Amino acid sequence: MQDIYPQQEDNVIISTSRLTKAFGNLVAVNDLHLQVKRGDVFGFLGPNGSGKTTTIRMLLGLIRPTAGRAILFGMDNTYQLPAILRHIGAIVETPVFYPYLSGVDNLRVIAAASGMLSGGANERRIAEVLEIVELRSQARDAYSKYSLGMKQRLGIAAALLTNPELVLLDEPTNGLDPGGVIEIRQLIRRLSELGKTIFLSSHILHEVQQVCNRVAILQRGNLIKQGDVSELLQRGEQILVRMGMAEETQRAYAILQEAQERGARWMSDIRVETNRQGQPILRIQAPMVRSAEINALLAQSGFFAAELHPYEGSLEEVFLELTTPPTPVGAHPGMAALAGWQASTSDMPGRKGGAL
Amino acid sequence: MSSGTVGTGSPPGHPDAVNSVIMGRQDYLSVLLRLTGMELYKLRNRAMSAVLGTIGVLSVVLAFLLITFLAVIFLGSSATQENVRSISQLLRPPFSLYVTVWVLFTLGQVLIVILVGAMVGGEYGVGTIRLLFTRGPARGQFLIAKMLAAITCIAIGVVAITLVGILVGLMLNFVTGIAPTFDFFSAAWLGYALLYLLSTMFCLFVYATLALFIATLGRSTAAGIAGALVWIFVAEPVVKVVCSISAAVSKGITADIARSIPDYLLSNNMSALLANQNEGLFGTRIASFLALFGSFQLSNLHTLLVLAGYLILFIGLAWLINEYRDITN
């Protein structure tokens, strides 16, 4: 069991240890150990209800953990929350502001609440953040008339207002159109280039994959994986093989299984699936550099692949792999997990039979 | 920490163009004052505040118009000059002060409950509470800032409406043809008047803390307003009736307890506190007359202690809830 006070390295901005939150019998977050380093663009992944927002609320002191600790900037948030919050700009779920105030008036209120001088001293900064999120022309409109996308932008403007070291964004692209999503992604990259640490909570895996360097995956309150995106994607590396004739696929499957049993352990999983054209294919969990060896194995047995395609994989597949119990040969993997994820995901690309 | 700027100085429009971020002082009092200013800024930009203020002013004006109307009827009838003088003296100081404060207190308790209920409950109802609680200041500072904003509104409201009431009364008094006299005016009277207004403000603030507590507990504007109004207009009158029946039908210590319970109710103590100031302001004869409308044999010390007890209770409970509640909405 780890110490309740986590080891704190200088470059670690967020560190949680055994962080747990239970609402009655429901354990929303269980024994969470997170480490976010300075300069990270940290993706916090999980389907709706997995405990992401509860974790963020605990980090921000909105809810108290049932057990465990959260250390931010080297300070325990149970005792030094005000000092911690001065370094953070955050959006928690859908941003909400005062509906009877305009966008700019809302930012003035937030500026005062954030410790910034009021009375016009920070008007330039307010104008700047409105410019960043491209809301300057609608700044004087009533917030109640804003679209969901504009509300999200105003939320980001509020988060950036004090130039925080850590920007904590909970589902920042909710309600944004594709153009808005791209802009937010670009903004996150720009902020990262400026040395800011970004904690991005999202259930949209491909969004996280594009901007984050590190991720943590949460499922039903439990941390199931944490690490570099590149390392995780290596887990998802696959080789897809389509044989010339459909009936050869089962034979090729048997050849590769046999090779695996004989010692080719670099093939961790071999499955028969159907691609978008309805053709059978082999999906082999193996490093891309092994493509030639697979080709050779098949060729030695007199079978020749019509297509052999390295497939990098995605966080979505890593998630499925990590969360799905072993399935019978040939069965579509991760259906249960995928169903659960898709139930909470509107714009995730469906799992297809690779590029073949 | 003193005020200062942060950042490195990047071109405008750039995310790191932060040389323009000017931080204020971060000591407890400075933060508190800034948050109070923030609360007042929100109130100033809220239509509700203007509506409530207008209702307050119009009510006082209407009360004086009604008195003027009655005086005009008396003038046109066979009533004696003495009768006209009696009714119309409510238009002139010092009695116009009594009318103003009576209207102000009667209506003010509803207005302040609406104002504070919306100010506190609205944060939970809309969800802006999480916006505030993630900005740095301690939760308690936000609560105190709301109380300071309520005090400011009460003070401005009481002073402004009192001045409006007295001026409107004097203007309408011209109709009666009776010249106002200021022979009552002295330093002592001014002191009593000040005490009277402070007592009114204090009573309204106690109602504000009642709304603050119930809105915090109920996490909504509706709960704050409805809960406080039910307390004022339903719960306390019911307790008074129940106690009075119990005192009538029982004997001994039970009857004594039933008789003494109303002495610890909010409304009785507030009425007593205000009534206790009447003698110094309006003279013994008038004070005795006013006491006919509600006799409360409670000393200033008793009322102040009881009201202070309620204040501590309401603020303390609101503080505890505010401090330890999980913000999950």
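This is a tour of a predicted two-chain model, stop by stop. Residues are numbered from 1 along each chain as its sequence is written, and chains are lettered from A and ligands numbered from 1 in the order in which they are written. Because the model is predicted, local features need pLDDT of at least 70 and side-chain atom pairs count only at pLDDT 80 or more, while totals for chains, interfaces and linings use all residues.

**Chain A**

Select chain A and colour by secondary structure: there are 12 helices and 15 strands (DSSP runs numbered from the N terminus, helices being H or I of at least four residues and strands E of at least two). Of its 356 residues, 47% count as buried (20 or more other C-beta atoms within 10 Å of the residue's own; exposed is 12 or fewer, partly exposed in between, with C-beta atoms placed from the backbone).

**The contact between the chains**

Next, show both chains. The contact takes 40 residues from chain A and 40 residues from chain B (two residues are in contact if their C-beta atoms, placed from the backbone, lie within 7 Å). On the side of chain A that touches chain B, helices H2 (81–85), H3 (103–113), H4 (123–132) and H6 (178–193) each supply at least two residues. That side of chain A divides into 25 nonpolar, 6 polar and 9 charged residues (nonpolar: Ala, Val, Leu, Ile, Met, Phe, Trp, Tyr, Cys and Pro; charged: Asp, Glu, Lys and Arg; polar: the others, Gly among them).

Select H3(A): 11 of its 11 residues are buried. They pack against H4 and H5 (148–160) of chain A, and against H1 (28–44) and H5 (128–133) of chain B. Gly115(A), which follows H3(A), has a positive phi, near 95°.

Then pick Val181(A), in helix H6 of chain A. Val181(A) counts as partly exposed because it has 19 C-beta neighbours inside 10 Å. Leaving out residues up to four places away in sequence, Val181(A) touches Thr173(A) and Leu176(A).

**The cores**

The largest nonpolar core has 157 residues, of which Ala157(A), Val116(B) and Ala211(B) touch the most other members (a nonpolar core is a set of buried Ala, Val, Leu, Ile, Met, Phe, Trp, Tyr and Cys residues joined through C-beta atoms within 7 Å). Helix H7 (residues 187–218) of chain B gives this core its largest share, 15 residues. Apart from this core lies another, of 16 residues, including Leu240(A) and Leu282(A).

Centre on Val116(B). Beyond its neighbours within four places in sequence, Val116(B) is in contact with Ala150(B), Ala208(B), Ala211(B), Leu212(B), Ala215(B) and Gly224(B).

**Two helices of chain B**

Select H7(B) and helix H13 (residues 300–324) of chain B; their axes come within 9 Å and cross at roughly 25° (axes are lines fitted to C-alpha atoms, for helices over the stretch in contact, with angles from 0 to 180 degrees between N-to-C directions). The two helices are therefore roughly parallel (angles under 35 degrees). Residues of H7(B) that meet H13(B) include Phe202(B), Val206(B) and Phe213(B). By class, this contact has 14 nonpolar, 3 polar and no charged residues.

**Backbone stops**

- Pro93(B) and Pro94(B) are joined by a cis peptide bond, with omega about 5°; Pro94(B) sits in the loop between H3 (81–88) and H4 (95–126) of chain B.
- Phe73(A), a residue other than glycine, has a positive phi near 55°; its place is the loop between strands E5 (67–72) and E6 (75–76) of chain A.
- Arg219(B) also has a positive phi, near 55°, and lies in the loop between H7 and H8 (221–249) of chain B.

Note on methods: Angles under 35 degrees count as roughly parallel, over 145 as roughly antiparallel, 65 to 115 as roughly perpendicular and the rest as oblique.
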